[in-house]
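Welcome! Please take a moment to look over the sequence and the model shown here.

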Amino acid sequence: MIDFKKHITLELGKRSGKPCIRGLRITVYDILNMLADGMSYEEIIDDFPKITRNDILACLAFVAERENNLFRLRACNYYLIIIYPTNWFLVSMIFFLTLPM
């Protein structure tokens, strides 16, 4: 898998802080939308000559990593169980944590 950290940048003043390709004003989501619309890598590169094939692959790697981390966060933090003693018995409380969608 390509190391997306060399290709994807986050800058607060550029495109509202969205992840962009190498400091350009083209976001990861712009590339994903083009791919979802059926554009080929070559068509994207023709429309945006500063974009390379590795930049497009980095966008896919970035989103895959982000999705994987989000899935792990949901799986690990879905329930928080706290058990503590009071008087002669244990009282257990379960707090259900829901992540914002």
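Here is a short tour, from the whole chain down to a single residue.

## The chain as a whole

Keep in mind that this is a predicted model. The protein chain contains 3 helices and 4 strands. Reading from the N terminus, these elements follow the order β-β-α-α-α-β-β.

Of its 101 residues, 23% count as buried. The protein chain exposes about 7600 Å², and carbon and sulfur atoms supply 60% of that area. If you take the contacts between residues at least 6 apart in sequence, 36% join residues at least 24 apart.

## Helix H1

Helix H1 spans residues 28-36, and its residues Val 28, Ile 31 and Met 34 are buried. These three cover an arc of only 130 degrees around the axis, which puts them on the same side of H1. An α-helix has 3.6 residues a turn, so residues three or four places apart point the same way.

After H1 comes Gly 38, and its phi is positive, near 95 degrees.

Where does Thr 27 sit? You will find Thr 27 in the loop between strand S2 (20-21) and H1. Is Thr 27 buried or exposed? Thr 27 counts as buried, because its relative accessibility is 2%, while the cut-off for buried is under 20%.

What does Thr 27 touch, apart from its neighbours within four places in sequence? Its contacts there are Arg 15, Lys 18, Pro 19 and Cys 20.

Definitions and conventions
Residues numbered from 1 in each chain as written. Predicted model: local features only at pLDDT ≥ 70, side-chain atom pairs only at ≥ 80, totals over all residues. Heavy atoms only, no water. Buried < 20%, exposed > 50% of the residue type's maximum accessible area, 1.4 Å probe, protein only. Helix = DSSP H or I, 4+ residues; strand = E, 2+ residues; numbered from the N terminus. Arc of directions from axis to C-beta. Contact = heavy atoms within 4.5 Å. Areas by Shrake-Rupley, 256 points an atom, 1.4 Å probe, with all protein chains shown as cover.
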